[in-house]
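Let's explore a protein chain together, one question at a time. Have a look at the picture first, and then follow along.

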Amino acid sequence: MTHSYLNPKCEIRTNSRGGCSVYTVVPIRKGELVSMWGGTIVHETQLDRSMQRFTERVIQVDEELYLLTAEKKEPNDCFNHSCEPNLGFTGQIGLLAIRDIEAGEQLTFDYAMSDGGSYDEFDCQCGMPTCRHKVTGNDWKRPELWVKYEGYFSPYLARRIEKLRK
Ligand SMILES: [Zn+2]
């Protein structure tokens, strides 16, 4: 029994460096639920950045609140970032297809959809023409992403964006 739900149309692939990714086995239609994370909700002050697999296990779900996934690695820890993703948020812990997805595609979301702080910043090599190259906790402030991901931001970021727009 895992703590999270993963659509059975998906599979996990691992690479030689110990990394993992989520791929489709069969096509997934736009709007279909792909993943729902389970775990423990922790306050910012309880986060231990020195823990193993910190950035794989932690996702911000509201102001000062984070979801921490299970200590034992689960398939839902394997979603990678892309600057041209095929998944978006539905609620705080759900991911759905934002377009029709073919069999054999990697499933990704843009970490700008959920990251409102600096806990997971990195150089991106997603290879897309729209790649931002540096993914930061401030990317959600980019107005071009507000348009691109309308309706797909985590709810707490959607609230922040609504305020900035006024
Ligand atoms: Zn990129």
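A nonpolar core is a set of buried Ala, Val, Leu, Ile, Met, Phe, Trp, Tyr and Cys residues joined through C-beta atoms within 7 Å. Keep in mind that this model is predicted.

Q: How many helices and strands does the protein chain have?
A: Helices and strands are both present in this protein chain. The count is three helices and 13 strands.

Q: Why can the protein chain be called as compact as a globular protein of its length?
A: For 166 residues, the globule rule gives 15 Å. The chain is as compact as a globular protein of that length because its own radius of gyration is close to that value, at 15 Å.

Q: What does the C-alpha trace of the protein chain span along its principal axes?
A: Buried residues make up 31% of the 166 residues in this chain. Along the principal axes, the C-alpha trace spans about 40 × 35 × 25 Å.

Q: Which residues is phenylalanine 153 in contact with, leaving aside its neighbours within four places in sequence?
A: Phe153 is one of the residues with the most contacts inside the largest nonpolar core. With neighbours within four places in sequence left aside, phenylalanine 153 is in contact with Phe89, Met113, Trp140, Ala158 and Ile161.

Q: In S4, which residue is the bridge partner of leucine 6?
A: S1 and strand S4 (residues 33-36) run antiparallel and are joined by two bridges. In S4, leucine 6 has as its bridge partner serine 35.

Q: In S10, which residue is the bridge partner of leucine 87?
A: S9 and S10 pair in the antiparallel sense over four bridges. Their hairpin has three residues between the strands, and there glycine 91 takes a positive phi near 70°. In S10, leucine 87 has as its bridge partner alanine 97.

Q: Why is one side of S5 and of S6 left without a neighbour in the sheet?
A: The open sheet of three strands has the order S5-S7-S6, with antiparallel pairing. Strand S5 (40-43) and strand S6 (58-62) stand at its edges, so one side of each has no neighbour in the sheet: each has a single partner strand.

Q: Which residue in S7 stands opposite valine 42?
A: S5 and strand S7 (residues 65-68) run antiparallel, joined by four bridges. In S7, the residue opposite valine 42 is tyrosine 66.

Q: What share of the contacts with a separation of 6 or more comes from residues 24 or more positions apart?
A: Here we look at contacts in the protein chain with a separation of 6 or more. Among these, residues 24 or more positions apart account for 65%.

Note on methods
Residues numbered from 1 in each chain as written. Predicted model: local features only at pLDDT ≥ 70, side-chain atom pairs only at ≥ 80, totals over all residues. Buried ≥ 20, exposed ≤ 12 C-beta atoms within 10 Å, placed from the backbone. Contact = placed C-beta atoms within 7 Å. Pairing = 2+ DSSP bridges. Rg over C-alpha atoms; globule rule 2.2 N^0.38 Å.
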